[in-house]
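Subject: Structure handover

Hello,

Please find the structure below, followed by notes on what was found in it.

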Amino acid sequence: MKIRNDVIKVYKDVHIWVGIVSGLMLFIAFYAGAITMFEKPLERWATPPSALAPPPPIERADELREAVLARHPQAAKFHAVVVQPTAEMPARVVWREPGKTRRDFTEYGASFAADGSLQVEKLARAPVAQLVDTLHQLVGLPFADAVARPIMGAVALLYAVALVSGLIIVLPTLVKDFFALRLGKNIKRMWMDVHNALGIVSLPFHLVMALTSVVFAFHTPFYAVQEKVVYPHGLPWGQHEPAPLPGPGEYRLPADELLRRVEAQLPGFEVYSFIFREDHGQLEASVTGLDVRYGTRGRTYASTHLNPYTGEVDPHDLPGHMEPWSAAVNTFFMLHFGSYGGDAMRWLYVAMGLAGAMLFYTGNLLWIESRRRKRRDGVIPGQKRSARVLGCLTVGVSLGCVIGISATLAATKWLPGQADDLAAWHEGIYYAVFFAAVAWAFVRGAARGADELLRLAALATLLIPLGSLAGIWGIGGTWNHHGAGFAVDATALAAVPVFLLLAHHTRKRMLEGHADSVWSAKHEPAVDPGASPQEVAVSK
Amino acid sequence: MSEKAATVNVRRLDSRHWFGKGCAGVLLGFGLAVALSGLFAWLGPGGIEGGGGKTQFNMWLISPIWAGVLSFVFLFRDSLRAWLWLGAANLAAFGLLGALRLGMG
């Protein structure tokens, strides 16, 4: 395809600058996003064991529910019967006590002790998986949601511009360059080929991520503006159907009967829980679960209303049963979350997420490489300060995010025995390590910093399964859940040699590669004297 | 700069105007996205009372239009043209939207 040279030149400038501004935040979003694909297994692995007695069978769920409501009547407002209790949701009956905001609540669970008495426990669902998800959502910024979220939205817009401008740049040479991967002496050419291949192959994925993230950041103002400008009578949400009332002779069905009726109506739908909300005597019920053949707009489950007296499901909120507009919107969510196709698709999203992180990383490498001052007449010039700074920043921020996440995960199984506010501890560890890594990269320079931080990443990641190993003997309050969480430890172990391999190559490059580069340690980066006019003339 | 180079420069696209064009893309691009999403809400299948699903769909439309305008705004020859053309597009789209609200609301 032919595009005018001046257009290419302008879009090259656009691409370079939006890339530099947003690249490192996007690296964090993608690295944390890849990990958050498995937030549920991570949460399960990270949640300390419950002290509750084993959950009673689902046939006794209503007996337990009655006992809870007798002692804690406020639980009527929001309680759930869990069909398959798990480590992070270890009770047959759980309920929420509201906090200050809608998203701020405390969860409790109940069971019957061996003597038949009611047991109640504040659930200790681990906060570390949420931290990784928050880093993903707020592109790693240490600010309050209200500040960080609009910044994320701006980054998402820049990211969309970067995709379009990048596409415009490569279009003219797409056919020639697409299958080319010129590994060789010309390092810039090689990184360019890698960067282009990653970008082109995953372009649809990236367009989905950019456009959905703009919505995730700005949906509230979008709706507010549309309500004022577009709609004559406020936002038309359709009718909210009132909670069903029991017919004559109908009673609230027990949970096991509800389960049987739902399974008969929704083959292939795995039921996770039934949620009940009582308000002024009105009972609303919904069922949550997942049919892996359909993607959902929730990250890990779907939910829809249910008549608690007949067990009849109102499927219009379920993927596969929605009206067309809702189905389209459901698709936008599902493509972002990778919530379709089960674990195989989740692993594919992990790979795409890591490839995305690499796309942004290689983008920064290219920026540095194209500003390299090359050896001339046997003299090795000092590298530009801008290239050195971006080198340190790229190494420090990306590896700081990697090490920070590994370090805070490594602390997961040791903290509950020692600390109270786990969420604050996990956040504190992440940011302390992150900022220390950035500082380290600036102190040591990009080359040495990368080598050393990669080895630290290997070490921090190796420490993740240590808590599980200690859990075999229960040292220091550590634990393991039967049959759950092994995959987390195995994944961490598998990542260790990858970091070491990267460190090995970085060191080799540092010692044996071109000396006229920020990635070399042969030539001490002299204080930048500023380019002499003569040099500028030659480099042009 | 010689006269010849200057005339060539007028025709050729140039990165100097990035700030003005970028602002036009952000501000007028957003306006245009809202107006076009509104036109779709009124004229698209299902009409303005298309139900909760369509209301969400209409909101989602803002994102690709906004990002699209912001991406292609750099094709304008200079900032003034970007502001004038996008301003005119905004006027036309909001004018039509206003007329629809008067006529059909």
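Chain A is divided into domain 1 (1–48 + 126–238 + 325–370), domain 2 (49–125) and domain 3 (381–524); the bounds come from an automatic or database domain assignment. This is a predicted model, in which local features need pLDDT of at least 70 and side-chain atom pairs count only at pLDDT 80 or more, while totals for chains, interfaces and linings use all residues. Residues are numbered from 1 along each chain as its sequence is written, and chains are lettered from A and ligands numbered from 1 in the order in which they are written.

The C-alpha centres of domains 1 and 2 of chain A lie 39 Å apart. Between these two domains, 5 residues of domain 1 are in contact with 6 residues of domain 2 (contact: C-beta atoms, placed from the backbone, within 7 Å). The domain 1 side has 2 nonpolar, 1 polar and 2 charged residues. Here Ala, Val, Leu, Ile, Met, Phe, Trp, Tyr, Cys and Pro count as nonpolar, Asp, Glu, Lys and Arg as charged, and the others, Gly among them, as polar.

Next, a helix pair in chain A. Helices are DSSP runs of H or I with at least four residues, numbered from the N terminus. H2(A) (residues 39–46) and H4(A) (residues 128–137) pack at an angle of about 145°, with their axes 8 Å apart. Axes are lines fitted to C-alpha atoms, for helices over the stretch in contact, and angles run from 0 to 180 degrees between N-to-C directions. H2(A) contributes Glu39(A), Leu42(A), Glu43(A) and Ala46(A) to the contact, and H4(A) contributes Val128(A), Ala129(A) and Asp133(A). By class these are 4 nonpolar, no polar and 3 charged.

Leu42(A) is buried, with 25 other C-beta atoms within 10 Å (buried: 20 or more such atoms within 10 Å, C-beta atoms being placed from the backbone). Not counting residues up to four places away in sequence, Leu42(A) touches Ala129(A) and Val488(A).

The buried residues of H7(A) are Met192(A), His195(A), Asn196(A), Leu198(A) and Gly199(A). Seen down the helix axis, they fall within an arc of 165°, so they line one face of H7(A); the arc is that of the directions from the axis to the C-beta atoms. Their cover includes H5(A), H6(A), H8(A) and H11(A).

Finally, the two chains: 32 residues of chain B are in contact with 34 residues of chain A. On the chain B side, H3(B) gives the largest share, 15 residues.

Regards

Notes: Helices (H or I, at least four residues) and strands (E, at least two) are DSSP runs, numbered from the N terminus. A residue is buried if 20 or more other C-beta atoms lie within 10 Å of its own, exposed if 12 or fewer, and partly exposed in between; C-beta atoms are placed from the backbone.
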